[in-house]
Amino acid sequence: MASLDDLKKRISSVKSTQKITKAMKMVAAAKLRRAQESAEKGRPYSEKMNNIILNLSNGISDIENAPKLLSGTGEDKVHLCVVMTSDRGLCGGFNTNIIKKAKIFFQKILDEGKTLKIITVGSKGYDQLKRVYGDNIIERISFKDSKNVNYFDADKVGKIVIEKFEKKEFDVCTIFYNQFKNVITQIPQEQQIIPLNTSEKAENSSEDNYEFEPEEDEILSNLLPKNISTQIFKAMLENSASEQGSRMSAMDNATRNAGEMVDKLTIEYNRSRQAAITKELIEIISGAESL
Amino acid sequence: MSEEYSLEIVNPEKSFLSRDDVTEVVVPAYEGEIGILKDHISIISFLKPGIIKIFSKSGEDSYYVNDGIIEFKNNNLSILTSLILDLKDIDKEKLIEIKKSAEEELSKSEISDQEKYLLDQRIEVLKSIN
C-alpha cells in the first residue's frame, strides 16, 4: 500500500491536472462558439458558388471541350488526397477519425494499383501518416501561425492543388475533413473536388438562359479554381469547429475522470490514515497493559 | 410598381450585406461596367478590381472589391467576392497594405499578362480612392 505521503502527492497532482483540463475545456467552449459561427456564416458563399457552377455546367453543351478541372483528365491513375487535421493534440478522436477514414481510402487506391499522393494540412495528420505513407506525402502544410481560419490560407492550399493539377501530377483530388454536426458528433468526410462532381442537380435549377460575360468557357475556367479554394476553405471551417467541439468533449470527460480519481484517492488516503491511527492506539494500549 | 430588387453580397467569411431595396447596382464587370436594374436578363459575370455602386431610395453606397462573381436571376443579385471594403469607413492603412501587396506581386517576373492586367487595375482603383 502506498504511504500517506505518496497518496497526498498523487491527489494534488491529479487535482492540478483537473484544473488544466477544466481550463482547456472552457477555452475550447469559447473558441467553439466562434468557430461554429464562422462555419455557419461561411456556408452561403460556398453554397452560392456551388449553385452557380452547377448552373453553368448544366448549360455547357460541349462536354468534350469543358475545362479539365470540371471534366477531369479522363483517367484516374494518380490520386491526390488532401488530409486536413489540426495542429494541436488533446482533442479526443478528432485526428484519428480523419486518418482512419483516409487510410481506408488509401488502401483501396493502392489495392487498385493506382498511384497515391498525399498533402497533409495540419501537423497532426503528418505525424500520424508519416510512418506508413511517408513516401507518398508530397507536401505538408501547417497554419500554426494563423490565429483564425482565413480564406487566404485556404487559397494557398487551393493554389498548390491547382498548380499540381496543371502540371498533370494527378488526375483525381479528394479532400478529407471532419464535418461539424454537433459538439459530440463530428463526421469524417471524403469529398472529391477534382473533377467536380456535378451529378447532383442544382437547387432551383431552371431552364434559365443566362447571359454570360465573358463567354461560358472563360467564366468556368476562372470560377473552377476559385471553387477549389472555396471548398477547401469550407472544409477548414468545418474542421476548426469540429476540432474545438471534439476538444471540448474530450476535456470534459478528462475533467470528470480526474474528479472520480480524486474521490477514489481521497477515500484511500482517509482509510490508510485511519489505519495508521488505529495501529498507533493499539501500540499505546498494549504498551500500557504490559506495565 | 416598385423598381426595387434584392441584393446579397457574400464573402467567404460571412454574408456581408443583404438588402432588398436597391434600385440599381453598378458593378465593375470584366469587360466594362454593368448597371443592373430590375428585370434585367439572367446574367453571370466576373468582376475585376473596382467599385461597386449601390443605388436605393435612401441614397448611394460604394464598396471596393478585389474580385468577384455576380449572378442575377429572378430579381436576385448575388455577388460573391473574396475581399470587399465599405468606402464609407475605409481603413486607410488596409488600403495601403493591399496596394503594397499588389505592387509586390506585380514586380514578380513570372506572372501572366492577365494577372498583370488585374493587378494594374487594382492599383489604379486603389489610387483613385485615396
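Before the first question, one definition: axes are lines fitted to C-alpha atoms, for helices over the stretch in contact, and angles run from 0 to 180 degrees between N-to-C directions. Keep in mind that the model is predicted.

Q: Which hand does the crossing of α5(A) and α6(A) have?
A: α5(A) passes α6(A) in a right-handed crossing.

Q: What makes α5(A) and α6(A) count as being in contact?
A: The test is C-beta atoms, placed from the backbone, within 7 Å. On the α5(A) side, A:Y151, A:A154, A:D155, A:V157, A:G158, A:V161 and A:I162 take part, and they meet A:P225, A:I228, A:S229, A:I232, A:F233 and A:M236 of α6(A). Sorted by class, that contact has 10 nonpolar, two polar and one charged residues.

Q: How do α3(A) and α4(A) cross, and at what angle?
A: The axes of helix α3 (residues 94–111) of chain A and helix α4 (residues 123–133) of chain A cross at roughly 35° and come within 10 Å. The crossing is right-handed. From α3(A), A:N95, A:I98, A:I99 and A:F106 meet A:K124, A:G125, A:Q128, A:L129 and A:Y133 in α4(A). These residues divide into five nonpolar, three polar and one charged.

Q: How do you know that β5(B) and β6(B) are paired strands?
A: Pairing takes at least two bridges found by DSSP. Strand β5 (residues 50–56) of chain B and strand β6 (residues 59–65) of chain B have seven bridges, in the antiparallel sense. One example is B:I51, whose bridge partner in β6(B) is B:Y64. A hairpin of two residues joins β5(B) to β6(B).

Q: What strand does β6(B) pair with over three bridges?
A: That is strand β9 (residues 84–86) of chain B, again antiparallel.

Q: What makes strand β6 of chain A and β4(B) a pair across the two chains?
A: The threshold is at least two bridges, and strand β6 (residues 211–213) of chain A has three with β4(B), in the parallel sense. A:F212 stands opposite B:I44 in β4(B).

Q: How many residues does each chain give to the contact, and which element of chain B gives the most?
A: Chain B gives 21 residues and chain A gives 22. On the chain B side, β2 (15–29), β4 (43–47), β7 (68–73) and β8 (76–80) each give two or more. β4(B) gives the most, with four residues. By class, the chain B side divides into 10 nonpolar, six polar and five charged.

Q: What separates the two domains of chain B, and what connects them by contact?
A: Chain B is divided into domain 1 (5–86) and domain 2 (92–129). Their centres, taken over C-alpha atoms, are separated by 22 Å. Seven residues of domain 1 are in contact with six residues of domain 2. The domain 1 side of that contact has four nonpolar, two polar and one charged.

Key: Residues are numbered from 1 along each chain as its sequence is written. Chains are lettered from A and ligands numbered from 1 in the order in which they are written. This is a predicted model: local features need pLDDT of at least 70, side-chain atom pairs count only at pLDDT 80 or more; totals for chains, interfaces and linings use all residues. A crossing is left-handed if the near helix is turned anticlockwise from the far one by less than a right angle, and right-handed if clockwise. Ala, Val, Leu, Ile, Met, Phe, Trp, Tyr, Cys and Pro count as nonpolar, Asp, Glu, Lys and Arg as charged, and the others, Gly among them, as polar. Domain bounds come from an automatic or database domain assignment.
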